[in-house]
Amino acid sequence: MLKVENASVFYAARDGQSVHALDRVSLEIPPQGLVVALGSSGCGKSTLLHAMAGFLPLSQGTITLDGAPVQAPGAERGVVFQKDSLLPWKSVLDNVALGLKFAGVPRQERALRAHALLRLVGLQDFAAAAPYELSGGMRQPHALARALATDPKILLMDEPFGALDSLTREHMQALLVTVWERTRKQIFFITHSIEEALFLGTQVLVMSPRPGRIVARFEVDFVHRFAAERDARAIKTLPAFTELREEIRALVHQAEDRELAQV
Amino acid sequence: MSDLAADRAAPVPSGDGTTGALPEDPAAIPRRVTMRRFGVGEGSTAAISVFTGMVLLGLWWCVARTGWVSHLFLPTPAEVLTQAYSIWQDGYANATLWEHVSASLTRILSAAAIAIALGIPLGLLMGQNRWAKGVLDTPIEFYWPLPPLAYLPLMIIWLGIGEASKITVLALAMFAPIVLSAQAGVRALPRERVHAALSLGATRWQLFAEVVLPSALPEILTGVRLALGVGWGTLVAAELIAANRGIGFLIMSASHFLATDAVFVGIGLIALCAFGFSGAMRLLEAWLVPWKGHS
């Protein structure tokens, strides 16, 4: 279980001032939980993820994974970035196998396990291609496969589908649910789409900006229903779904208005 | 749209399954188009270049032949070729053609080897370590803008008139672009690439070998290419001043006797060598960094 307690971040700004990016955030990602942080840009959700990944130290508070403090990046926390950061000089297969190479897994086994992951995300026919030959909709599954290769305890996903068109995005959501079901990983997922948050999350954290804080939490369960029925449209048109969506939308707007009133 | 297609397709017997059959009238074949663009675009310029070369050669021949310019200053292309052949057969200024060329090549290649062997590791280190950058920046920033010929006399005083002084000057001239480009290559490394590798469990060494070095490679190769350009310029100048072998020396001694045709031969040799080097660099880039420009 990943646990964030009272995490605050003050960035050092250029003019010597500090920017309060994250304000006393606490959360828990339970085993097999898919926790989604939802908020507009500037609400500190990426800052939170960077701290969980170990890219950014906290100003205050603690982050622990199964009791051990998080201090630096490590293979037990896999990260999928907003923009894929694949290595263009390695093939699709070798990119997926990169983490295994770092771990000292022998070449043959590396290739075998990377192939299995490419099959999982539907890229088995592109193993020998260069990453830049993949279309936008294939790059994120590729990055997902790479993050899964080291078998991390948790996946941290930083708005991975934000740049995709809406049709591709729905495919990715379905793929993510499949992967989540099969691998039973804890996932922390960031998005600015209310619908995506509700559809994917077992828990939705609504965040408000400057300083970033959690203003509401919802325990939801549409993702299990989707896992069972595989009918995204039916779920997204359920009255329970649309009502909750509107409730959260009102909440997000309220948070924005409050911020505008402060300025 | 479908109405139009039906109208056009009317004379063609229907029912063969082909849709939108093109009318026979050649004027109706649609014009192929490409997006309007700015600049040179992708069309090949090879034919234009060859044509320009031939025009220039023709112009040279005309000017030399008609005698507008004295023969002493401008030999005809044929005379230059004859002179080239005779240098190839009999050598020039107490050395064979191969001895001249190999003297120059040996100098530039040994200097390049030294500059690359020192420049790449030091540049990579400067990109990653504050102390290395702080210490090395001062001497490099000081000597790098100096014209190499300004410190050649100093090197001759210190190291003698032999090969050591020339190779040192050349290596110094080539070192700067290589070290600076290797450093720039490291600094241009996207932060996300580093983060991604670290969260895949890379150690410091693995990060360097698998991410930092390959990321910097395109910049390093650009630096080597620049260095070779600087190297040729410095080499010929150094040979003009102090040498008894080499292409630069050949040109210099020919000019003492107003042997303009031999001067032309020397210039042509340098052009050929430099062209060969840049071709080799292009092959090296295509082989080592085929992914350049992609991310």
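## A nonpolar patch on chain B

Which residues make a nonpolar surface patch of about 560 Å²? In this predicted model, the patch is built from Trp68(B), Val69(B), Leu72(B), Phe73(B) and Leu258(B).

Let's look at one of these residues, Leu258(B). Leu258(B) sits in the loop that runs between helix H10 (247-256) and H11 of chain B. Its relative accessible area is 49%, so Leu258(B) counts as partly exposed.

## Aromatic pairs

How many aromatic pairs does the structure hold over all chains? There are 10. One of them joins Trp89(A) and Trp291(B) in a tilted arrangement, with 5.0 Å from centre to centre and 50° between the planes. This pair crosses between chains: Trp89(A) belongs to the loop between strand E6 (77-80) and helix H2 (92-96) of chain A, while Trp291(B) belongs to the segment after helix H11 (260-288) of chain B. Trp291(B) counts as buried because its relative accessibility is 7%, and the cut-off for buried is under 20%.

Within chain B, Tyr143(B) and Tyr151(B) form an edge-to-face pair, 6.4 Å centre to centre with 80° between the planes. Are these two tyrosines buried or exposed? Both Tyr143(B) and Tyr151(B) are buried.

## Charges over rings

## An open sheet in chain A

Now for the strands. An open sheet of chain A is formed by 4 strands in the order E2-E1-E4-E5, with antiparallel pairing. Which strands stand at the edges? They are strand E2 (18-29) and strand E5 (68-69); each has a single partner strand, so one side of each is left without a neighbour in the sheet.

The partner of E2(A) in one antiparallel pairing is strand E1 (residues 2-12) of chain A, and the two are joined over 8 bridges. As a landmark to find on screen, Val9(A) stands opposite Leu22(A) in E2(A).

## A hairpin in chain A

Strand E9 (residues 203-208) and strand E10 (residues 213-219) of chain A also pair in the antiparallel sense, over 6 bridges. Leu205(A) has Arg217(A) in E10(A) as its bridge partner.

What lies between the strands of this hairpin? E9(A) and E10(A) have 4 residues between them, and Arg210(A) in the hairpin takes a positive phi near 45°.

Note on methods: Residues numbered from 1 in each chain as written. Chains lettered and ligands numbered in written order. Predicted model: local features only at pLDDT ≥ 70, side-chain atom pairs only at ≥ 80, totals over all residues. Heavy atoms only, no water. Phe/Tyr/Trp six-rings, centres within 6.5 Å; stacked < 30°, edge-to-face > 60°. Buried < 20%, exposed > 50% of the residue type's maximum accessible area, 1.4 Å probe, protein only. Pairing = 2+ DSSP bridges. Patch = residues over 30% accessible without salt bridge, like charges linked within 9 Å, V, L, I, M, F, W, Y side chains within 5 Å. Areas by Shrake-Rupley, 256 points an atom, 1.4 Å probe, with all protein chains shown as cover. Salt bridge = Lys/Arg side-chain N within 4 Å of Asp/Glu carboxyl O.
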